[in-house]
Amino acid sequence: ALRAIGIGQIDILDASEQIDSRRRCTEAVLSGVPAGVLGVDGAGMVRIANRAGLRLLACSQESMLGRPVTKVVPELAPVVAAALGGDKPETRGQAMISRANRERTINVRMTREKTAADGQGYVITLDDITDLVSAQRMAAWGDVARRIAHEIKNPLTPIQLSAERLQMKLEPKLA
């Protein structure tokens with residue numbers, strides 16, 4: 001069977017096997033990453049998505065792959081537009097994403113990747129910072145409450161001292 005296949009065809013088969021092997025390796029690495037990761041080509045089409053990204057966006061691979069990222073996740077449109085239209089190697093932003101009756105705050109980073117073979121592509125990382133934002137809000141409200149309590153308590157101290165002084169002065173006269 002190998003004699004019927006030309007040397008050029010063997011090279012093509014080897015190259016194809018290498019590409020498949022690299023893709024499997026990339027998918028294995030991305031499956032262990034806790035952040036959502038999307039691979040997007042220069043036209044903005046999703047080419048790869050890891051499990052965390054699919055879970056975070058409540059999408060299936062079938063509904064995402066080969067489609068424009070802004071159609072699948074419209075909340076990312078401002079960051080994607082800035083990255084595709086700009087010349088910076090990295091674009092950052094935040095997005096509020098509502099999926100499965102839950103609103104999440106997502107840190108979005110879109111990094112440009114230039115390769116000789118594929119032209120230009122992008123890696124989008126999605127970090128769920130909802131709990132961090134919630135903790136920051138709670139800390140901020142705690143600080144506000146502390147300041148209000150201080151402002152209320154501050155004028156009460158001189159008033160209380162004055163009332164005690166008046167009471168001490170008036171007690172001998174009342175007796």
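T105 is buried, with a relative accessible area of 8%, below the 20% cut-off that the word "buried" stands for here. That residue makes a handy starting point for a tour of this predicted model.

**Around T105**
- T105 sits in strand β4, which covers residues 102–115.
- Leaving out residues up to four places away in sequence, T105 touches Q94, A95 and M96, along with D127, D128, I129, T130 and V133.

**The chain as a whole**
- You will find 6 helices and 5 strands in the chain.
- Followed along the sequence, these elements come in the pattern α-β-β-α-α-α-α-β-β-β-α.
- The chain has 175 residues, and 25% of them count as buried.
- Among contacts with a separation of 6 or more, 35% join residues 24 or more positions apart.

- How many of the residues of strand β1 (residues 36–41) are buried? The count is 6 of the 6, so the strand is largely enclosed by the rest of the structure.
- Both faces of β1 are covered, with G36, L38 and V40 buried on one side and V37, G39 and D41 buried on the other.
- Strand β2 (residues 46–49) runs antiparallel to β1, and 3 bridges join the two.
- Which residue of β2 is the bridge partner of G39? That partner is I48.
- The hairpin of β1 and β2 has 4 residues between its strands, and G44 in this hairpin takes a positive phi near 90 degrees.

- In soluble globular proteins, nonpolar side chains tend to be buried together.
- The largest nonpolar core in this model has 24 residues, and the members that touch the most others are L38, M64, I124 and L126.
- At least two residues of this core come from each of β1, β2, α2 (51–57), α4 (69–72), α5 (77–85), β3 (90–99), β4 and β5 (119–128).
- Setting aside neighbours within four places in sequence, L38 is in contact with I48 and A49, with L57, M64 and V69, and with Y122, V123, I124 and L126.

Terms used: Residues numbered from 1 in each chain as written. Predicted model: local features only at pLDDT ≥ 70, side-chain atom pairs only at ≥ 80, totals over all residues. Heavy atoms only, no water. Buried < 20%, exposed > 50% of the residue type's maximum accessible area, 1.4 Å probe, protein only. Contact = heavy atoms within 4.5 Å. Pairing = 2+ DSSP bridges. Core = buried A, V, L, I, M, F, W, Y, C linked by side-chain atoms within 4.5 Å.
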